[in-house]
Amino acid sequence: MAVFVLGKNKQPLMPCSEKRARLLLERGRAVVVNLTPFVIRLRDRCLSDCALQPTLLGIDPGSKETGLTLMRLENNATEEKAPATRHGLCLFQLVHRGFQIRQALEQRAGFRRRRRSKNLRYRQPRFDNRTRKKGWLPPSLQHRVDTTMAWVDKLCRWAPVTHLNMELVRFDLQKMENPEISGVEYQQGTLLGYEVREYLLEKWGRECAYCGTGDTPLEIEHVVAKSRDGSSRVSNLTIACHECNQAKDNQWLTDFFATDKGLKKRLKANGLSATVRLERVQRQLKLPLRDATAVNATRWTLFGTMKATGLPVAVGSGGRTKYSRQRLGIPKTHALDAACVGKFDTLKGWRAPTQVIKAMGRGSYQRTRLDKYGFPRGYLMRQKQVQGFQTGDRVRAVVPSGKKAGTHTGRVAIRKTGSFNIQTEQGAVQGISWRHCTLLQRGDGYGYHPLPTIQS
Ligand SMILES: [Zn+2]
């Protein structure tokens with residue numbers, strides 16, 4: 001992974017290789033600014049002494065994880081000019097904690113309800129005082145936007161980012177020109193094929209249209225079989241699991257639902273009724289998918305905030321990302337998806353290790369834990385620091401003797417007794433005295449660990 005380089009006056013310069021960074025540090029030409037991700041500052045050069053290349057930050061927003069990939073563009077080749085070559089510099093996978101936030105808020109609501117209902121009877125609300133601003137997102141979703149933007153800002157501070165590139169929609173309706181009306185033919189392996197596939201997946205809820213099985217590879221299925229003169233227009237296509245696709249063969253839809261034993265078995269396993277399911281398929285076939293459902297609120301908000309940074313933001317569709325990724329034979333990870341967003345020709349240097357950045361939160365306000373009956377149990381300490389250490393700090397502990405003798409480096413979790421737990425790359429080490437610990441980097445609300453390089 002490339003090392004971020006800052007100039008003498010802290011402006012971002014082009015990232016350099018790890019080897020070069022090591023030499024610069026050895027010769028005393030640079031100082032360390034940040035450990036993970038590694039950032040150095042040159043002592044003798046500033047922005048005016050250096051030539052910068054156009055740098056692109058690709059973003060693939062997801063519900064649990066977001067991919068962020070910093071790329072260098074080949075000699076002044078902007079996005080429009082062909083052939084556009086991208087060089088991967090740094091790959092990041094940002095892990096969100098939306099679920100934990102939701103859980104914490106639900107728990108807090110539970111505590112409040114218990115406290116209130118203990119002494120006060122229920123009173124009907126006299127007016128609706130629960131107004132929400134336009135563009136309000138639930139805290140768990142807002143967190144995704146906030147953490148992603150925090151990292152976009154951070155990377156823009158460490159690298160001379162000139163373009164932002166983000167996956168906004170799952171498929172491009174403009175490209176398909178309303179597929180239900182105009183006759184777009186589906187062909188495997190083309191860009192349009194990928195857009196159509198994503199469209200169908202979205203329309204049919206990412207499960208087999210016939211039996212409702214979700215976690216299985218899904219295939220594109222002709223409702224009226226090709227051999228019966230069925231067209232390849234999108235309005236004649238659904239998405240089905242391998243078993244259903246094989247079993248249906250060239251049968252009519254009603255015959256298939258009436259006779260097939262395998263389908264009945266699968267429907268029963270998924271708790272669905274055949275008649276209801278058949279009706280749903282027939283109804284859904286006629287229904288065009290609304291444009292709005294393809295883009296979720298979080299992505300729009302993220303797009304809006306990203307535009308506010310002032311950098312040019314290009315958007316791509318999920319169909320195009322997948323098309324580019326499979327065309328170049330690149331495996332699927334969040335960071336590599338981010339590298340493949342938008343229009344380009346070749347991608348180099350993607351076989352780099354990915355840095356996982358996990359949002360850890362900054363502790364809770366709750367000063368007690370509950371037993372299984374919901375009663376408070378014991379009290380947690382009030383102060384957040386013990387002997388100058390705080391949960392989330394990166395420390396190195398050198399233990400001279402005993403069972404845990406050796407050097408442990410990682411994220412520390414403090415205890416009032418001064419006997420800490422350290423989360424190292426090999427696993428957790430418990431009961432390390434604060435006396436053995438030295439602070440490497442203050443906690444910033446994130447945990448870091450590398451993902452191994454993909455060999456293929
Ligand atoms: Zn099926």
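**Exercise 1.** Find the count of salt bridges between domain 1 and domain 3.

*Solution.* The count is zero, where a salt bridge needs a side-chain nitrogen of Lys or Arg within 4 Å of a carboxyl oxygen of Asp or Glu. The side of domain 1 that touches domain 3 has two nonpolar residues, two polar and no charged (charged: Asp, Glu, Lys and Arg; nonpolar: Ala, Val, Leu, Ile, Met, Phe, Trp, Tyr, Cys and Pro; polar: the others, Gly among them).

The model is predicted: local features need pLDDT of at least 70, side-chain atom pairs pLDDT 80 or more, while totals for chains, interfaces and linings use all residues. Numbering runs from 1 along each chain as its sequence is written, and side-chain values use heavy atoms, without hydrogens and water.

**Exercise 2.** Describe the area buried between domain 1 and domain 3.

*Solution.* Start with the bounds: domain 1 is 1-52 and domain 3 is 384-451, from an automatic or database domain assignment. The buried area is about 360 Å² (accessible area, 1.4 Å probe, lost on putting two parts together, summed over both). Carbon and sulfur atoms give 53% of that area. Asn34, Leu35 and Thr36 supply 91% of what domain 1 buries there.

**Exercise 3.** Work out the geometry of the zinc site.

*Solution.* List the donors: SG atoms of Cys208, Cys211, Cys241 and Cys244, at 2.2 to 2.3 Å (donors are N, O and S atoms within 2.8 Å of the metal, or 3.2 Å for Na, K and Ca). Their angles span 104 to 116 degrees, and the site is tetrahedral (four donors, all angles between 85 and 135 degrees).

Methods: Four donors count as tetrahedral if all angles lie between 85 and 135 degrees; four count as square planar and six as octahedral if opposite donors are over 155 degrees apart and all others between 65 and 115; anything else is irregular.
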